[in-house]
Amino acid sequence: MTIVPKTYNGKSLQYEETLRSPFERNTAESAMEVLNEIRKSHDAAHGWVELEGYAEQLPNGKWRAVRHHAQYK
């Protein structure tokens, strides 16, 4: 797990989470499309910093987007 700094670019940590999409996809590429949508709504303009982002394969063979991120203000 990535260590989350308490400050970033002079701003203080407000929130941190690992977001696992509830949407299962048939391919890693499709899960990455979901991840890109998450990135658009949790962007740097709103203080978000991505610490990790990837497509995770589930035991049932499906895929989901995972993003560990933090928000600074």
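Rings of Phe, Tyr and Trp, the last taken by its six-membered ring, count as a pair if their centres lie within 6.5 Å. In this predicted model, the structure holds 2 aromatic pairs.

- Y8 counts as partly exposed at 37% relative accessibility, whereas Y72, at 3%, counts as buried.

**The pair of Y15 and W48**
- Y15 and W48 form an edge-to-face pair, with 6.2 Å from centre to centre and 90° between the planes.
- Because Y15 lies in strand β2 (residues 11–20) and W48 in strand β3 (residues 48–57), the pair ties together parts that are 33 residues apart in sequence.
- Y15 is partly exposed at 41% relative accessibility, while W48, with a relative accessible area of 12%, is buried.

**Strand β4 and its partners**
- Strand β4 is mostly covered, with 9 of its 10 residues buried.
- β2 and β4 run antiparallel and are joined by 7 bridges, and E16 stands opposite A70 in β4.
- β3 also pairs with β4 in the antiparallel sense, over 9 bridges, and here W48, a member of the edge-to-face pair, stands opposite Q71 in β4.
- The hairpin of β3 and β4 has 5 residues between the strands, and in this hairpin G61 takes a positive phi near 90°.

Methods: Residues are numbered from 1 along each chain as its sequence is written. This is a predicted model: local features need pLDDT of at least 70, side-chain atom pairs count only at pLDDT 80 or more; totals for chains, interfaces and linings use all residues. Side-chain values use heavy atoms; hydrogens and water are left out. Rings of Phe, Tyr and Trp (its six-membered ring) pair if their centres lie within 6.5 Å; planes under 30 degrees apart count as stacked, over 60 as edge-to-face and the rest as tilted. Buried means under 20% relative accessible area, exposed over 50%, partly exposed in between (1.4 Å probe, protein chains only). Helices (H or I, at least four residues) and strands (E, at least two) are DSSP runs, numbered from the N terminus. Two strands pair if DSSP finds at least two bridges between them.
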